[in-house]
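Let's take a walk through this structure together. Keep the sequence and the 3D view open, and we'll go from the overall layout to single residues.

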Amino acid sequence: MKKIIHGKTYNTETATVIRCWEDFEPSDARWHETGLYRTRGGDYFLAGVGGVSSMWGSTELPREYVCSRGGIVPFDSDDELLKYMELNDFTEDEIAAVFG
């Protein structure tokens with residue numbers, strides 16, 4: 001998946017995968033497959049696909065973040081990224097790998 005947002009390119013095929021996960025069964029409208037990625041330039045973003053009731057099916061995502069069946073959402077700051085990781089059960093080792 002590739003998207004240009006605010007002049008920056010986010011591409012899941014060239015970015016480094018930090019972690020990927022899947023929740024719910026594919027038959028569930030809440031199902032999603034999501035990954036945290038780091039671009040070659042060091043920017044972090046989420047990318048994923050999902051059912052209509054998942055974050056990727058939400059009409060609340062800004063239009064520039066939406067791709068077919070999913071989307072890409074960049075993090076605006078390290079604080080935002082850290083908060084996301086802490087709230088979503090990333091391990092201390094995973095957090096340390098990102099923040100050193």
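Buried means under 20% relative accessible area, exposed means over 50%, and partly exposed is what lies in between (1.4 Å probe, protein chains only). Before going further, bear in mind that this is a predicted model: local features need pLDDT of at least 70, side-chain atom pairs count only at pLDDT 80 or more, and totals for chains, interfaces and linings use all residues. Residues are numbered from 1 along each chain as its sequence is written, and side-chain values use heavy atoms, with hydrogens and water left out.

Now for the layout. The protein chain has two helices and seven strands. Follow the sequence and you read the pattern β-β-β-β-β-β-β-α-α. Helices (H or I, at least four residues) and strands (E, at least two) are DSSP runs, numbered from the N terminus.

What ties parts of this chain together through charge? One kind of link is the salt bridge, a side-chain nitrogen of Lys or Arg within 4 Å of a carboxyl oxygen of Asp or Glu. By this rule there are three salt bridges. Take aspartate 43 and lysine 8: they form a salt bridge whose closest N and O atoms are 3.4 Å apart.

Another salt bridge brings together the side chains of arginine 19 and glutamate 94, at 3.3 Å from N to O. Arginine 19 is in strand β3 and glutamate 94 in helix α2 (residues 92-99), so this pair ties together parts that are 75 residues apart in sequence. With a relative accessible area of 21%, glutamate 94 is partly exposed. There is also a salt bridge between the side chains of aspartate 28 and arginine 30, at 2.8 Å from N to O. Aspartate 28 has a relative accessible area of 22%, so it is partly exposed; arginine 30 is partly exposed too, at 42%.

Stay in this part of the sequence and look at alanine 29, which lies in the loop between β3 and β4. Its relative accessibility of 31% makes alanine 29 partly exposed. Check where glycine 50 sits: its C-alpha atom is 7.8 Å from that of alanine 29, although 21 residues separate the two along the chain.

Glutamate 25 is in the loop between β3 (16-23) and β4 (32-38). Is this residue buried or exposed? Glutamate 25 counts as exposed, because its relative accessibility is 57%. Together with Glu22, Asp23 and Glu33, Glu25 gathers in a patch of negative charge on the surface. Such patches are made of residues with over 30% relative accessible area and no salt bridge, with like charges joined within 9 Å.

Next, turn to histidine 32, found in strand β4. Histidine 32 is buried, because its relative accessible area is 11%. Its side chain joins that of aspartate 23 in a polar contact of 3.0 Å, and it makes another polar contact, of 2.6 Å, with the side chain of threonine 34. A polar contact is a pair of N or O atoms within 3.5 Å; within protein, one must be able to donate a hydrogen and the other to accept it, and residues adjacent in sequence count only if both atoms are side-chain atoms.

Serine 54 sits in the loop between β5 (44-50) and β6 (66-67). Serine 54 is buried, because its relative accessibility is 5%. The side chain of serine 54 reaches the backbone nitrogen of tryptophan 56 at 3.1 Å.

Finally, have a look at the backbone. Most residues other than glycine have a negative phi. Histidine 6, in the loop between β1 (2-5) and β2, has a positive phi near 50 degrees. Histidine 6 counts as exposed because its relative accessibility is 67%. Aspartate 89 also has a positive phi, about 60 degrees, although it is not a glycine. You'll find aspartate 89 in the loop between α1 (78-87) and α2, and it counts as exposed, at 64% relative accessibility.

Conventions
Patch = residues over 30% accessible without salt bridge, like charges linked within 9 Å, V, L, I, M, F, W, Y side chains within 5 Å. Areas by Shrake-Rupley, 256 points an atom, 1.4 Å probe, with all protein chains shown as cover. Lys, Arg positive; Asp, Glu negative; His and termini not counted. Charge placed at Lys NZ, Arg CZ, Asp CG, Glu CD.
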